[in-house]
Amino acid sequence: MQKELQSIGVRPKMKEPWQRLAQQGTAPLLISFPSGLGNGQFPVLNLAGHCDPSINGCTGISSDIKVYQVNSIQLILSIGGGAGSYYLTSSENARQVAIYLWNNFLGGHSSNRPLGNTVLDGVDFDIEGAPQFPFPDAWIGNALKTGFFDYVWVQFYNNPPCQYTQGALSNLEDARKQWTSSIPATKIFLGVPTAPQAFGSNFIPISDLSSNVLPTIKGSNKYGGAMLWSMYYDDLDGYSSSIKSHV
């Protein structure tokens, strides 16, 4: 299962969250976002107030990230998001952004890596949000056809024409089949909210997901698991723990 990473360090009432996530088999987790990518901008890592990269305040969580990784939990940098500025002006500009990401977050070298010497496991494209499951996706539909993406996390909610409604699976299943047959990714994930409050519409109750939705889609060789939004509500309600054995 893939879940939003809201905090890497110690959180209230959960001293070592990586232990719970490792036991659940949760992978990967996303670190969001570096803002100001492309178009001559200098990227700035924004972890929603958890640390200040302008004074190298985020390098200290490098050891925390490694704890996740040694417990078989991948950490992936998510770029884009719903706020901030990101825009590629040319193929050369795209190459420059790729070099920056490689040298500062992945296997390259830089004297000013925002997260210290830790090496993240990949890059997630959140342009904007997970791909919407009306096909093809309006923002990254062409990119997804390149075959460069290992995992595709599709937002199978908040789109009434093709989302699950209680007792009626056909809309979701038809849309999912189109994604799995048309996108050359290794795995495609089912994106669902973890609580009614987590998103505007289409919360799938645990009983429906486990007894109706998942048994229908798990037969696909591209089935990757569930993408959950968000970790905050999951911590409150335990949605992931309840569906784990069915995923």
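Modeller: The largest nonpolar core has 26 residues, and Val-152, Leu-190 and Leu-209 touch the most other members. Keep in mind that the model is predicted. Six stretches each give two or more residues to this core: the strands β7 (151-155), β8 (187-193) and β9 (223-229), and the helices α5 (170-182), α6 (206-217) and α8 (239-243). The top contributor is α6, with four residues. In general, nonpolar side chains of soluble globular proteins tend to be buried together.

Take Leu-190. Setting aside neighbours within four places in sequence, Leu-190 is in contact with Val-154, Phe-156, Leu-172, Leu-209, Val-213, Leu-214, Ile-217, Gly-225, Ala-226 and Met-227.

Now the rings. The whole structure holds nine aromatic pairs. One of them joins Tyr-151 and Trp-153: the ring centres are 6.1 Å apart and the planes meet at 50°, so the pair is tilted. Trp-153 counts as buried because its relative accessibility is 8%. Tyr-151, at 33%, counts as partly exposed. Tyr-232 and Tyr-233 pair edge-to-face, with 5.0 Å centre to centre and 80° between the planes. Tyr-232 has 40% relative accessibility, so this residue counts as partly exposed. Elsewhere in the list, ring pairs link Phe-42, Tyr-100 and Phe-105 into a cluster.

Note on methods. Residues numbered from 1 in each chain as written. Predicted model: local features only at pLDDT ≥ 70, side-chain atom pairs only at ≥ 80, totals over all residues. Heavy atoms only, no water. Phe/Tyr/Trp six-rings, centres within 6.5 Å; stacked < 30°, edge-to-face > 60°. Buried < 20%, exposed > 50% of the residue type's maximum accessible area, 1.4 Å probe, protein only. Core = buried A, V, L, I, M, F, W, Y, C linked by side-chain atoms within 4.5 Å. Contact = heavy atoms within 4.5 Å.
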